[in-house]
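Okay, everyone, I've got a few minutes on pockets and helix packing. Let me put the thing up on the screen first.

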Amino acid sequence: MEKGRIIFLNGVTSAGKTSIVEALQYQENIFFYVVANDLFQEMVGENYLRKNYWKYLSEVIIMMYQTAKLYSDMGKNVLIDGILVEREEIKHHYYQLLEILKDNPLDIVEVYCPLDICRQRNISRENRYETQSQEQYDLMTKNIKYSVKVDTSIYSSEECAEKIIKELFR
């Protein structure tokens with residue numbers, strides 16, 4: 001069985017990852033399952049996250065990568081809506097991702113948006129705080145090998161989705 005493609009949309013909060021995921025799911029001829037940091041974080045009880053956020057987040061993110069692998073192994077295309085970060089508690093998540101998915105077709109897409117625009121988007125959202133994107137940017141893994149870069153400050157989510165499909169599937 002041919003393995004499904006795994007597309008990891010990597011970027012800070014309010015960069016536009018989830019909007020691109022939604023646009024990709026409207027594609028007529030390519031179907032994707034979605035796994036997302038936010039969804040997997042909800043699997044952990046709030047009291048545990050308050051006690052040791054990075055420990056439990058690290059564990060659940062590795063489970064997310066394993067879930068993406070399982071879907072891919074079953075021939076299903078997968079979108080990962082996430083952010084690759086490095087902290088003392090979760091070192092080398094990028095390399096763990098690459099190791100877990102070494103036998104699967106993985107493309108990492110940089111979802112870029114200038115931090116000042118992300119800050120404005122955070123202010124307009126009730127579930128984000130103003131400096132959240134900057135804080136995540138400071139933790140992002142450096143030297144990631146990207147297959148595609150999209151800029152949501154220039155292009156709509158639909159245009160970004162079209163670019164991703166064009167560059168990775170045709």
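**Pockets and helix packing**

Let's start with the second largest pocket: its lining has ten nonpolar, four polar and two charged residues. By class here, Ala, Val, Leu, Ile, Met, Phe, Trp, Tyr, Cys and Pro are nonpolar, Asp, Glu, Lys and Arg are charged, and the others, Gly among them, are polar.

Before I go on, this is a predicted model, where local features need pLDDT of at least 70 and side-chain atom pairs count only at pLDDT 80 or more, while totals for chains, interfaces and linings use all residues. Residues are numbered from 1 along each chain as its sequence is written, and side-chain values use heavy atoms, with hydrogens and water left out.

Back to that second pocket, at about 250 Å³. There are 16 lining residues, and closest to the centre sit Glu110, Tyr112, Tyr137, Met140 and Tyr146. Strand 4, residues 106–112, has the largest share of this lining, with three residues.

You'll want the cut-offs: on a 1 Å grid over the protein atoms alone, a pocket is an open set of points where a 1.4 Å probe fits, with protein on both sides within 12 Å along at least five of seven lines, and lining residues have an atom within 4 Å of a point. Points are joined across faces, edges and corners, and the volume is the space filled by probe spheres set on them. Helices (H or I, at least four residues) and strands (E, at least two) are DSSP runs, numbered from the N terminus.

Now, the largest pocket holds about 920 Å³. It has 40 lining residues, and Thr13, Asp38, Arg128, Gln132 and Gln136 are the closest to its centre. Which helix gives the most to that lining? That's helix 3, with seven residues. By class, the lining splits into 16 nonpolar, 14 polar and ten charged.

On to packing. Helix 1 and helix 7 (157–169) meet at about 65°, axes 8 Å apart; axes are lines fitted to C-alpha atoms over the stretch in contact, and angles run from 0 to 180 degrees between N-to-C directions. On the contact itself (heavy atoms within 4.5 Å), Ser19, Ile20, Ala23 and Leu24 of helix 1 meet residues of helix 7 including Cys160, Ala161 and Ile164.

Last pair: helix 3 and helix 4 (93–100) pack at about 25°, with axes 10 Å apart. That makes them roughly parallel.

Notes
Parallel < 35°, antiparallel > 145°, perpendicular 65-115°, else oblique.
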